Amino acid sequence: MEKREELYRGKAKTVYVTDDADKLILHFRNDTSAFDGQKIEQLERKGEVNNKFNHFIMSKLEDAGIATQVEELLSDNDSLVKKLEMIPVECVVRNVAAGSLVKRLGVEEGTLLDPPVFEFFLKNDALHDPMVNDYHILSFGWATENQISEMKNLTFRVNEVLKALFDEAGMMLVDYKLEFGIDSVGNIVLGDEFTPDGCRLWDKETRNKMDKDRFRQGLGSVVETYIEVADRLGLKL
Ligand code: C5P
C-alpha cells in the first residue's frame, strides 16, 4: 500500500491517506516533543523503534480480544491502519502516582493507586489538554454515554493485559494514555499508539524510568532505553 497525500501531521507521527478509503498509513517520525511542543528534538531511530513497538503491543492487545486500528507493519517507520473517526479525548489510567497527578493533588510520586485512577483529557494543544469529565464529553457531544463507558471498559482491559505483560518483564506500568475512534460500522476501536512515548514504565527493582520521562527530565539514553524495554518483552529492535 502506497502513501498518498498527507492527512494530518501530529507531533510525532504523520497520517497519510491511501488508495483504500478505509485505510491510512501512520508514519512514525524521530521527532520527540514534551511540554506541549515547547521541547522538540530529533532522536535517531525513535520513529522506527516506536513503530515496531506499537505494532508489537497492539498485536498483544488484539490477541487478548481488544480491537485495534493496526492492520500491518509496512516498513521501519510505517504502519497500515484502519481509518477511524477519532474521539477527541485522551483516556488515562494510573496505577501509580506520577506526572500531572502528583502536581495536581500533591501526592507523593510512587504512591500505589488501588483501585487505579481513570481520567479524561480533552485533546486540545492550545488549551494544554485540560482534564474533562463524562458530563463535558456528553454536553459537548464528543461521545455518547455508551461510547464513554466502552472507552473506560476497554482502557481498563488494556490495563489488565499490559500490567501483566510488563510485570513479567520486570517493569511496572505506572500510567498510560489511550485514544479511541469509531470505525466504518460504528464500533469503538483503539487507535493512535501505545509506545514508551505515551506511558510511564519503571524498572520493578530500581524504579528507573524507562519511558518519555527520560526525555522530559533530560535523563538521557531515551531511545536506548525504549530498545531495552522492547528487548525485555522479547522484541529485538
Ligand atoms: O502528564 P500526565 O501525568 O497527565 O500523563 C499521564 C500519562 O499519559 C503519561 O504516561 C503520559 O506519557 C501520557 N500522556 C500522553 N500524551 C499526552 C498527555 C499524557 O501520552 N498528551
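Which glycine follows helix 4, and is its phi positive or negative? Select G170: this glycine comes after helix 4, and its phi is positive, near 80 degrees. Helices here are DSSP runs of H or I with at least four residues, strands are runs of E with at least two, and both are numbered from the N terminus.

Before you click on, some ground rules. You're looking at a predicted model, where local features need pLDDT of at least 70, side-chain atom pairs count only at pLDDT 80 or more, and totals for chains, interfaces and linings use all residues. Residue numbers start from 1 along each chain as its sequence is written.

**Stop 1: helix 4**

A residue is called buried if 20 or more other C-beta atoms lie within 10 Å of its own, exposed if 12 or fewer, and partly exposed in between, with C-beta atoms placed from the backbone. For the spacing of those picks, recall that an α-helix has 3.6 residues a turn, so residues three or four places apart point the same way.

**Stop 2: the two domains**

Colour 6-82 as domain 1 and 86-221 as domain 2; these bounds come from an automatic or database domain assignment. Taken over C-alpha atoms, the domain centres are 17 Å apart. Across the boundary, 19 residues of domain 1 are in contact with 21 residues of domain 2, where contact is C-beta atoms, placed from the backbone, within 7 Å.

On the domain 1 side, pick strand 4 (31-34) and helix 1 (46-63), the elements that give two or more residues to the side touching domain 2. Helix 1 gives the most, with seven residues. By class, that side of domain 1 has nine nonpolar, six polar and four charged residues. Nonpolar here covers Ala, Val, Leu, Ile, Met, Phe, Trp, Tyr, Cys and Pro; Asp, Glu, Lys and Arg are charged; the others, Gly among them, are polar.

**Stop 3: helix 1**

Zoom in on helix 1, whose 18 residues reach 25 Å from first C-alpha to last, close to the 26 Å expected at 1.5 Å a residue. Its buried residues include K46, K52, F53, H55 and L61. Just past the end of helix 1, G65 takes a positive phi of about 90 degrees.

**Stop 4: the ligand**

Show the ligand and its shell: 13 residues surround it, the closest being G99, S100, K177, G198 and R200. Strand 9 (89-96), helix 2 (99-105), strand 12 (171-182) and strand 14 (199-203) each supply at least two shell residues. By class, the shell has four nonpolar, three polar and six charged residues.

**Stop 5: helix 6**

Jump to 222-232, helix 6, and highlight V222, V223, T225, Y226, V229 and A230, which are buried. Look down the axis: the buried residues fall within an arc of 160 degrees, so they line one face of the helix. (The arc is that of the directions from the helix axis to the C-beta atoms.) On the other side of helix 6, E224 and D231 are exposed. What do the buried residues of helix 6 pack against? Their partners are strand 4, helix 1, strand 12, strand 14 and helix 5 (213-216). After helix 6 comes G234, with a positive phi near 95 degrees.

**Stop 6**

Most residues other than glycine have a negative phi, and most peptide bonds are trans.

- D36, in the loop between strand 4 and strand 5 (39-42), has a positive phi near 55 degrees. D36 is exposed, with 12 other C-beta atoms within 10 Å.
- R207, in the loop between strand 14 and helix 5, has a positive phi of about 60 degrees. R207 is partly exposed, with 13 other C-beta atoms within 10 Å.
- D114 and P115 are joined by a cis peptide bond, with omega about 5 degrees; P115 lies in strand 10.

**Last stop: V107**

Select V107 in the loop between helix 2 and strand 10 (112-122). V107 counts as partly exposed, with 13 C-beta neighbours inside 10 Å. Leaving out residues up to four places away in sequence, V107 touches A97, L101 and V102. Draw a distance from V107 to A97: their C-alpha atoms, ten residues apart along the chain, are separated by 7.2 Å.

Terms used:
Contact = placed C-beta atoms within 7 Å. Near = placed C-beta within 6 Å. Expected span 1.5 Å × (residues − 1).
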